[in-house]
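Have a look at the sequence and the structure first, then read on.

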Amino acid sequence: MKNKAVLELADVKLIAAAAEAEALKNNWAVTFAVVDDGGHLLWLQRLDGAPAISSHIAPAKAHTAALGRRESKVYEDVINQGRVSFLSAPVVAGMLEGGVPVMKDGQCIGAVGVSGVKSAEDAQIARAGIAALGL
């Protein structure tokens with residue numbers, strides 16, 4: 001039997017604080033979500049001025065990154081390269097850049113999804129949040 005790390009509330013708060021700091025530093029109004037390895041929502045934060053729809057998109061990106069164990073941008077790239085049938089994949093809705101898995105010892109223990117600015121900037125915020133864990 002293997003042992004696996006899990007995100008605890010203290011970890012989630014570190015991620016959220018760092019993601020918020022990155023967004024505020026750049027004056028970006030976003031929503032960010034943190035999920036566990038099964039894509040279940042642990043944290044959702046919508047900054048002032050963030051679009052309402054971002055509160056749906058951010059968790060979807062995080063969910064996709066957690067279940068796929070890879071950045072959600074991978075799916076966006078697959079679709080943009082012509083495999084549009086991938087849009088019918090079940091349970092995967094956040095196939096846009098901005099979802100980043102949290103990896104520890106080669107295992108996915110959760111993910112962060114961000115929505116509200118350009119996709120690369122969303123991913124930048126997600127990575128900044130994850131970096132706070134020092135993994």
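How many salt bridges does a search of the whole structure find? The search turns up six. Keep in mind that this is a predicted model. As background, side chains of opposite charge can pair when their charged atoms come close.

| Salt bridge | N to O distance |
|---|---|
| Asp37 and Lys4 | 2.6 Å |
| Lys25 and Glu22 | 3.3 Å |
| Asp77 and Lys73 | 2.9 Å |

Start with Asp37 and Lys4, which form a salt bridge. Asp37 sits in the loop between strand 1 (31-36) and strand 2 (41-46), while Lys4 belongs to the segment before helix 1, so this pair ties together parts that are 33 residues apart in sequence. Asp37 is partly exposed, at 27% relative accessible area, and Lys4 is partly exposed too, at 36%.

The next pair stays inside one helix. Lys25 and Glu22 are three residues apart in helix 1, which puts about one helical turn between them.

Asp77 and Lys73 both lie in helix 3 (residues 73-80), four residues apart, or about one turn of the helix. Asp77 is partly exposed at 27% relative accessibility, and Lys73 is partly exposed at 29%.

Now for helix 4. Which residues of helix 4 are buried? They are Asp122, Ala123, Ile125, Ala126, Gly129 and Ile130. Looking down the helix axis, you'd find these buried residues within an arc of 155°, so they line one face of helix 4. They pack against helix 1 (9-25), helix 2 (54-68), strand 3 (99-104) and strand 4 (107-115).

Ala23 has a relative accessible area of 0%, so it is buried. What does Ala23 touch, leaving aside its neighbours within four places in sequence? Its contacts are Trp28, Val30, Leu47 and Ile125. Ile125 is also one of the buried residues of helix 4. And although Ala23 and Val117 are 94 residues apart in sequence, their C-alpha atoms are 9.6 Å apart in space.

Conventions. Residues are numbered from 1 along each chain as its sequence is written. This is a predicted model: local features need pLDDT of at least 70, side-chain atom pairs count only at pLDDT 80 or more; totals for chains, interfaces and linings use all residues. Side-chain values use heavy atoms; hydrogens and water are left out. Buried means under 20% relative accessible area, exposed over 50%, partly exposed in between (1.4 Å probe, protein chains only). Helices (H or I, at least four residues) and strands (E, at least two) are DSSP runs, numbered from the N terminus. The arc is that of the directions from the helix axis to the C-beta atoms. Contact means heavy atoms within 4.5 Å. A salt bridge is a side-chain nitrogen of Lys or Arg within 4 Å of a carboxyl oxygen of Asp or Glu.
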